[in-house]
Amino acid sequence: MNNIACFTGHRPQSLFGFKPNTEGNKKLLWKLKYIIEDHIENKGVDTFITGMALGIDMWSARIVFKVKEKYPHIKLIAAVPCKNQHNKWIEESKKEWQMIIDKCDEVHYVTNEEYTRWCMQKRNEWMVDNSQYVIAVWNGGKGGTGNCVDYAKKLNKEITYLNPNDIKKEMEK
């Protein structure tokens, strides 16, 4: 467990939109790539866990796949919160979800139930319980990411923060 990091972060509507190639999202994801590489090089992380939600979860998975070209020893685990997680998504997002699942080194279903309000929190707890490090793309607000950060703090996990609001401020200069 000492070499595992998990991601927590916002959905696209709380970032810079649904496309990863908007100016704000590109800046954010470059910074996230730097954080991932720093965890590999300076903390010895060799395994990452993604929660497979839209936004940071799936984008971080894609970054890990890209970083694997430079660090082929690293692994990615998908922590899927429930059956049919992606059922109500648009077709493009469903295809991306499946592509990520297919490329992961391991897929862990946290529950065997259909979607419930608590399954995302159970997934977050499983990811934190199974990680030494948490990479949080978080604006400091309440919600699922905030709950995940609070849980990680209770367990004294080392948390690296990337605040999307800092990117907004940079872009306004």
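# Salt bridges and a helix crossing

Student: Quick one to start: what does glutamate 170 count as, going by relative accessibility?
Tutor: Glutamate 170 counts as partly exposed, because its relative accessibility is 38%. Keep in mind that this is a predicted model.

Student: And which residue does glutamate 170 form a salt bridge with?
Tutor: Its partner is lysine 31, and the closest N and O atoms are 3.1 Å apart. Glutamate 170 sits in helix 6 (residues 164-172) and lysine 31 in helix 1, so this pair ties together parts that are 139 residues apart in sequence.

Student: What about lysine 31, what's its relative accessibility?
Tutor: That one is 31%, so lysine 31 counts as partly exposed.

Student: Why can side chains pair like that, in general?
Tutor: Side chains of opposite charge can pair when their charged atoms come close.

Student: OK, how many salt bridges are there by this rule?
Tutor: The count is nine. One of them joins glutamate 92 to lysine 19, with 3.5 Å between the closest N and O atoms. Glutamate 92 is in helix 3 (residues 91-103), while lysine 19 is in the loop between strand 1 (4-9) and helix 1 (23-43); the two are 73 residues apart, so the pair links distant parts of the chain.

Student: Glutamate 92 then, buried or exposed?
Tutor: Exposed, because its relative accessibility is 51% and the cut-off for exposed is over 50%. Lysine 19 has 43%, so it counts as partly exposed.

Student: Which side chain does glutamate 96 meet in a salt bridge?
Tutor: Glutamate 96 meets arginine 62, at 3.1 Å from N to O. Glutamate 96 belongs to helix 3 and arginine 62 to helix 2 (residues 56-67), so here the parts tied together are 34 residues apart in sequence.

Student: And is that glutamate 96 buried or exposed?
Tutor: Buried: glutamate 96 has 18% relative accessibility, and buried means under 20%. Arginine 62 has 43%, so it counts as partly exposed.

Student: Changing topic: at what angle do the axes of helix 1 and helix 2 cross?
Tutor: They cross at roughly 55°, coming within 10 Å. That angle makes helix 1 oblique to helix 2, and the crossing is right-handed.

Student: Which residues in helix 1 meet helix 2?
Tutor: Helix 1 brings Asn25, Leu28, Leu29, Leu32, Lys33, Ile36, Glu37 and Ile40, and on the helix 2 side they meet Ile56, Trp59, Ser60, Ile63, Val64 and Val67. Sorted by type, the residues of this contact are 10 nonpolar, two polar and two charged.

Conventions. Residues numbered from 1 in each chain as written. Predicted model: local features only at pLDDT ≥ 70, side-chain atom pairs only at ≥ 80, totals over all residues. Heavy atoms only, no water. Salt bridge = Lys/Arg side-chain N within 4 Å of Asp/Glu carboxyl O. Helix = DSSP H or I, 4+ residues; strand = E, 2+ residues; numbered from the N terminus. Buried < 20%, exposed > 50% of the residue type's maximum accessible area, 1.4 Å probe, protein only. Axes fitted to C-alpha atoms, helices over the stretch in contact; angles between N-to-C directions. Parallel < 35°, antiparallel > 145°, perpendicular 65-115°, else oblique. Left-handed = near helix turned anticlockwise from the far one by under 90°. Contact = heavy atoms within 4.5 Å. Nonpolar A, V, L, I, M, F, W, Y, C, P; charged D, E, K, R; others polar.
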